[in-house]
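Trainee: Hi! Could you walk me through this structure?
Mentor: Happy to, let's open it up.

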Amino acid sequence: MSYKLFIPGPIEVSEKTYKAMSAHIVGHRSKDFTNLVDDVMPRLKQLFYTEGDVYLSTSSSWGIMEGAIRNVCNKAVLNCCNGSFSDKWYDVSKRCGKEAAELKFDWGKPVDPEALDKELSTGKYDAVTIIHNETSTGTMSDISALMSVIRKYPEVISIVDTVSSFSALPIKKDELGIDVMVTGCQKALAIPPGLSFLAVSQRALERAESVSGRGYYFDFLEFKKNMEKSMTPSTPVISLIYALQSKLDDIFSEGLENRYARHLENNRIVRQWAYGHGFKLFPEEKYGSVSLNCFQNNLNVDLPGLLAELKQKCHMVFDGGYGKLKGKTFRISNMGDETPDTMRELLDNIDGILPNYLGK
Ligand SMILES: *Cc1c(COP(=O)(O)O)cnc(C)c1O
């Protein structure tokens, strides 16, 4: 059975994208491949708002999230933790054998710039991780305020996860001064999983030169050396790079501003619908994500029951809460190719069955 994904990743993939993936494979050391990379790279850099290097990694985002830790941290990394993905990044830092500390906030709260400033001022750290859009709680931190704090500490390399916000709203890497910006393909880019992207500053590359134990597969300097020839260190997931090429065509023919406005409008429609029913947003309104909404299940909906019927009858799924928030929250993604019409279609379908599952 096929059904439409409104979970916050992986999300629905268009027929056009699937078709692009079926292009015949070329050798990854051939001119055909470097032409493909040369075609996607300028537009990819535009989406990152960077003039610096962008690398293609054949892995899900966790590969380069771990890789970034292994490339830029000599002394200690501060992991800002405010949800499931950011909490896990702390665990991953320790598993990489790094000195790591967590700066903790309650789930659903953004990363607080003042608390970050205070902790960085101890001088203990040479790297920091932040998740821009905590997908587990639908919480978006104020990246501009956080980056102004981090820029006061020249020794600190910033690693920012934009996995579920990239291309849903502008995140201007160079202007913000982000050193390492990582994202994946199966969230707002609406590509099947397996490809991830990292934009790396000169400062971060210089740091990498001084760090040992970078490994091979995610070594920034290997990525750099190969990208100078429009190549990747090892055989990449070529089919997904074709998918990316097709998706960039979609994005730039729609226009970036139109794309951002569409995501906002989709998001607003879902919020209005939920407020109309009496649901509350899980994070504070102004920190609510624009690519998904996470609501409190304050009406005590039987989420497993509702989700099962929605899937079976309407062939649609959304998410019934992540990790420790399972059953207590629900999340509806509005990323990728979704439009106000497709969002309303989902909401109408939910409305058709919701009364059966209320307050049980
Ligand atoms: C989905 C997600 C990840 C993990 O991505 P994978 O592709 O599963 O490795 C990391 N961070 C955030 C914010 C995410 O939404």
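Trainee: Which backbone nitrogen does the side chain of aspartate 319 reach?
Mentor: The side chain of aspartate 319 reaches that of glycine 321, at 2.7 Å. This is a predicted model, where local features need pLDDT of at least 70, side-chain atom pairs count only at pLDDT 80 or more, and totals for chains, interfaces and linings use all residues. Residues are numbered from 1 along each chain as its sequence is written, and side-chain values use heavy atoms, leaving out hydrogens and water.

Trainee: And which side chain does aspartate 319 make a polar contact with?
Mentor: With the side chain of arginine 331, at 2.8 Å. A polar contact is a pair of N or O atoms within 3.5 Å; within protein, one must be able to donate a hydrogen and the other to accept it, and residues adjacent in sequence count only if both atoms are side-chain atoms.

Trainee: Is aspartate 319 buried or exposed?
Mentor: Aspartate 319 counts as buried because its relative accessibility is 15% (buried is under 20% relative accessible area, exposed over 50%, partly exposed in between, with a 1.4 Å probe and protein chains only).

Trainee: New topic: at what angle do helix H8 and helix H9 pack?
Mentor: About 125 degrees, with the axes of H8 (residues 202-210) and H9 (residues 220-227) 9 Å apart. Axes are lines fitted to C-alpha atoms, for helices over the stretch in contact, and angles run from 0 to 180 degrees between N-to-C directions. Helices are DSSP runs (H or I, at least four residues), numbered from the N terminus.

Trainee: Who meets whom there, in H8 and H9?
Mentor: Ala204, Leu205, Ala208 and Glu209 of H8 meet Phe220, Leu221 and Lys224 of H9.

Methods
Helices (H or I, at least four residues) and strands (E, at least two) are DSSP runs, numbered from the N terminus. Contact means heavy atoms within 4.5 Å.
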